[in-house]
Amino acid sequence: MTILSILKFPDPRLHTVAKPVAVVDERVRTIVRDMAQTMYEANGVGLAATQVDIHERIVVVDASEARTSYQVFINPEIIAQSMEKKEWEEGCLSVPEVYDIVARPDRIRVRALNEHGEAFELDCDELLAVCLQHEIDHLNGKVFVQHLSSLKQNRIKTKLKKQQAQS
Ligand code: NI
């Protein structure tokens, strides 16, 4: 397994729209395993392929307390969402040390393929719902800070550019 390097905002590659996975084969399963390893190593709850500069629609999430089993979502689609929204403090491995409140639908139903290429649907709430919406945004080239005001976005850009210059 390989630890992949994570793109950091405002890297323009984070705004690439990922392509659907045509065939779930060994190549894709290797990407999934590397992504999971990378997510655990970085202490993340979820990771989208976009963040490791792979522009295919692949997401891994581990929203469990124990953090011992991850779920794989290939070509994920939100097929239903609640009218009610919920505010949650979000962070992102691509935006280190930045946390802010984003309001998103409280509950969603997602359709995706698993790592064996089998279709499934899942009702999600709480952290899993937040995380999947956040990761699907990544696949669409959107970073969570884009839900914030442009003033905040500019402040975050400045802060991260400074961080990146120092490291
Ligand atoms: Ni993220």
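Two strands count as paired if DSSP finds at least two bridges between them. Helices (H or I, at least four residues) and strands (E, at least two) are themselves DSSP runs, numbered from the N terminus. With that in hand, let us look around this predicted model, in which local features need pLDDT of at least 70, side-chain atom pairs count only at pLDDT 80 or more, and totals for chains, interfaces and linings use all residues. Residues are numbered from 1 along each chain as its sequence is written, and side-chain values use heavy atoms, with hydrogens and water left out.

Strands S6 (residues 108–113) and S7 (residues 119–124) run antiparallel and are joined by six bridges.

**Buried residues**

A residue is called buried when its relative accessible area is under 20%, exposed when over 50%, and partly exposed in between (1.4 Å probe, protein chains only).

| Residue | Relative accessible area |
|---|---|
| Cys 92 | 11% |
| Cys 131 | 6% |
| Asp 100 | 15% |

Asp 100 belongs to strand S5. Its side chain makes a polar contact of 3.1 Å with the side chain of Lys 152. A polar contact is a pair of N or O atoms within 3.5 Å; within protein, one must be able to donate a hydrogen and the other to accept it, and residues adjacent in sequence count only if both atoms are side-chain atoms.

What about the cysteines? A disulfide is a pair of cysteine sulfur atoms within 2.5 Å, and the count by this rule is zero.

**A cavity**

On a 1 Å grid over the protein atoms alone, a cavity is a set of points where a 1.4 Å probe fits but cannot get out, and lining residues have an atom within 4 Å of a point. Grid points are joined across faces, edges and corners, and the volume is the space filled by probe spheres set on the points. The structure holds one cavity of 30 Å³ or more. The largest cavity has a volume of about 30 Å³, and its lining includes Trp 88, Arg 104 and Val 130. Strand S4 (85–92), strand S5 (95–105) and helix H2 (126–139) each supply at least two lining residues, with H2 giving the most, three.

Terms used: On a 1 Å grid over the protein atoms alone, a cavity is a set of points where a 1.4 Å probe fits but cannot get out, and a pocket is an open set with protein on both sides within 12 Å along at least five of seven lines; lining residues have an atom within 4 Å of a point.
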